[in-house]
Amino acid sequence: MNKQPYYLTTAIAYTSRKPHIGNTYEIVMTDALARFRRMQGYDVFFLTGTDEHGQKIEEIAKETGITPQEHVDKIAGEIRAICDLLGASYDKFIRTTDDYHVKAVQDIFQRLYDQGDIYKGEYVGKYCTPCESFWTESQLVDGKCPDCGREVRDAREEAYFLKLSKYQKWLEEYIEEHPDFIYPESRKKEMLNNFIKPGLQDLCVSRTTVKWGIPVPFDDNHVIYIWIDALSNYITALGYDANGNHGELYKKYWPANVHIIGKDIVRFHSIYWIIMLHMLGAPLPKQIFGHPWMLFGSDKMSKSRGNVIYADELVNRFGVDAVRYYLLTEMPFASDGSITYETMVERFNSDLANTLGNLVNRTVAMVNQYFGGIVPEKELIASAPSEDCDADLQRVAEETAANLTKYLDAFRVSDAVDSVMELARRCNKYIDETTPWVLAKNPDARPRLAKVMYNLLSGIRIIGGLIAPFMPETAAKILVHTPQTAVSEDEAEISRYEKFDGMVQYGAAVGEAKPLFQRVDAKAVMAEVAAMQEAAAKAAKQAEAAKTEPFAEEIGIETFAQSDIRVAEVVSCEKVKKSNKLLCLQLFDGIAQRQVVSGIAKWYAPEDLVGKKVLLVANLKPVKLCGVESNGMICAADLPDGGCKVLFADKDIPAGARLH
């Protein structure tokens, strides 16, 4: 069979911290799609990996006292281990520190510069370090980053820019002419109405204040910024060459059939990435699918709340396939999903232990009990009468593969999984309708009992085959009990589950009945989780309290000596009338009285300070704060909780004594 290539990708995970369970939905979803396409007979190439450059990584490495490379090696290893733990069947794991990627990105940057799509300029605006994003003042929301809501800082630096504005009209027309290019529809409308039609600004694609990145090939003062670096992974992994000498994988698999990404980065993929490809003259990916987020209850996961859940913790408690099942069924098509331990336990017991596990276990047990563990012979089955429930079970079973395909073609993964579970529910109902234990008591009903058992085994065989993209380990266990009749090797695997008749091999052994999923004690699990979350929240608070701001750059003693820090006594103090934050202090500095304004009114009343000895930076230039002149600054310490403590000197130290 001549297989058609199918290329799908996840976004590459950022190597700042170990990903929590919400970050791992994407790899499981994409893996399910990859497995399904293989069942359809496609030659699938599944790419995932890690994004390893940027200021955030540089800062984290500095805080922990290791090199950026050491940091990303560690986190990339953890991310890959989680992918493997969850059974991701990826064909390649790319790291943006890989030598071939670095070289390809530099060649791409050089080409775009040479053809005039990158130019040198200066960036002036706001910068969000966690998002690694530049913003204009008008783009901020309440003065903060519009993506993550965190504080931004002023930024001004020389930079290279990508001419997005030049291609705005082309991009707008392309998206409107290809209605399924950005999917679902809500994401497409968001991109067009919120970002493209209001006007695209040229994109900053280099940094001078960051060192951890791929150097611009012709300018050692700059590193290539995240967009060209990270987004290019989808083609560099295949052997793309900016000079046209592409590798065989690129020739075979590009353009991608679909990029699977989170809804928060659709903008980067549907605007920046697509314009970059257009500049390079490369074919565009066929589709971009932006999935929702997985939340903890209704909240984002946070260490300080103790509600962060990691994949390995869940796997240790429930097993790989149970975690995969939950992630894939609890994420709606276009709205955020939710995970809590309570709902995880509930779905495990109801869907997996009861509906699916109990169905397989008791069916195999009945075949062992009533037919010595052997699938009944065709002649015996054929001699039995058929009933309406047989036809209805067959109808549901034969519709399942078509429903699965319909839903997965539209990325409705939760609906696809449920279509298979619907067959399991129908099989359970069929047991109640046919009452095999009653038939077994009547020797004359043995042909009917044989037919019932065979129908159940056929339904279970289809369940096992079609649930494989979502729960591969469970599928393998189910299929062991239901040996299939001979099939053509040229036939796509999915087609094997489209017909009900003759599904299971007559006269084959079904093996010993074993529970697929053991019910868990909900109360015991929740007690353990409560203790674990309490400990995690406490540890997070302790870690936050112990966090120390990184030291400033080293200075010589002569530089420190330029600061004249003296002990001064607070003679009087009052609030500044035009401010809720400022106090006006009258200090005796050992020579004369001076006035100092300090922003400590939130933490100190005037009477708290009178008579105290403070540390005064005495040689600061005078400034006016809310119209009040300040001649110096008193020393205070910032606290981890956002508070402030004034540094008081010993009462026996005379005013005017200098700090050395």
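The legends below describe close-up views of a predicted model. Local features need pLDDT of at least 70 and side-chain atom pairs count only at pLDDT 80 or more, while totals for chains, interfaces and linings use all residues. Residues are numbered from 1 along each chain as its sequence is written, and side-chain values use heavy atoms, with hydrogens and water left out.

**View 1. The second largest pocket.** The second largest pocket has a volume of about 490 Å³. Its lining holds 25 residues, and those closest to the centre are F134, Q139, Q201, R267 and Y272. Two or more lining residues come from each of β6 (133-135), α6 (185-196), β9 (203-204) and α10 (266-280). The largest share, 4 residues, is from α10. The lining of this pocket divides into 15 nonpolar, 7 polar and 3 charged residues. A pocket is an open set of points on a 1 Å grid over the protein atoms alone, with protein on both sides within 12 Å along at least five of seven lines; lining residues have an atom within 4 Å of a point. Volume is the space filled by probe spheres set on the points, which are joined across faces, edges and corners. Helices (H or I, at least four residues) and strands (E, at least two) are DSSP runs, numbered from the N terminus. Ala, Val, Leu, Ile, Met, Phe, Trp, Tyr, Cys and Pro count as nonpolar, Asp, Glu, Lys and Arg as charged, and the others, Gly among them, as polar.

**View 2. The largest cavity.** A search of the whole structure finds 1 cavity of 30 Å³ or more; a cavity is a set of grid points where a 1.4 Å probe fits but cannot get out. Of its 13 lining residues, G54, W212, I224, Y225 and I226 lie nearest the centre. Both β12 (219-224) and α7 (226-231) supply at least two residues of this lining. By class, the lining of the largest cavity has 6 nonpolar, 4 polar and 3 charged residues.

**View 3. Helices α5 and α10.** Helix α5 (residues 168-177) packs against α10 at an angle of about 105°, with the axes 11 Å apart. The axes are lines fitted to C-alpha atoms over the stretch in contact, and angles run from 0 to 180 degrees between N-to-C directions. That makes α5 roughly perpendicular to α10, a term for angles of 65 to 115 degrees. W170, L171 and I175 of α5 meet S270, I271, I274, I275 and H278 of α10, where contact means heavy atoms within 4.5 Å. This contact has 6 nonpolar, 2 polar and no charged residues.

**View 4. A sheet of 4 strands.** The open sheet has the order β6-β5-β7-β9, with antiparallel pairing; two strands pair if DSSP finds at least two bridges between them. At the edges are β6 and β9, each pairing on one side only. Strand β7 (residues 153-162) is joined to β9 by 2 bridges, and L162 stands opposite L203 in β9.

**View 5. Two cis peptide bonds.** The bond from Y183 to P184 is cis, with omega near 5°. P184 is in the loop between β8 (182-183) and α6. The bond from W254 to P255 is also cis, with omega near 10°, and P255 lies in the loop between α9 (248-253) and β13 (258-262).

Technical notes: Angles under 35 degrees count as roughly parallel, over 145 as roughly antiparallel, 65 to 115 as roughly perpendicular and the rest as oblique.
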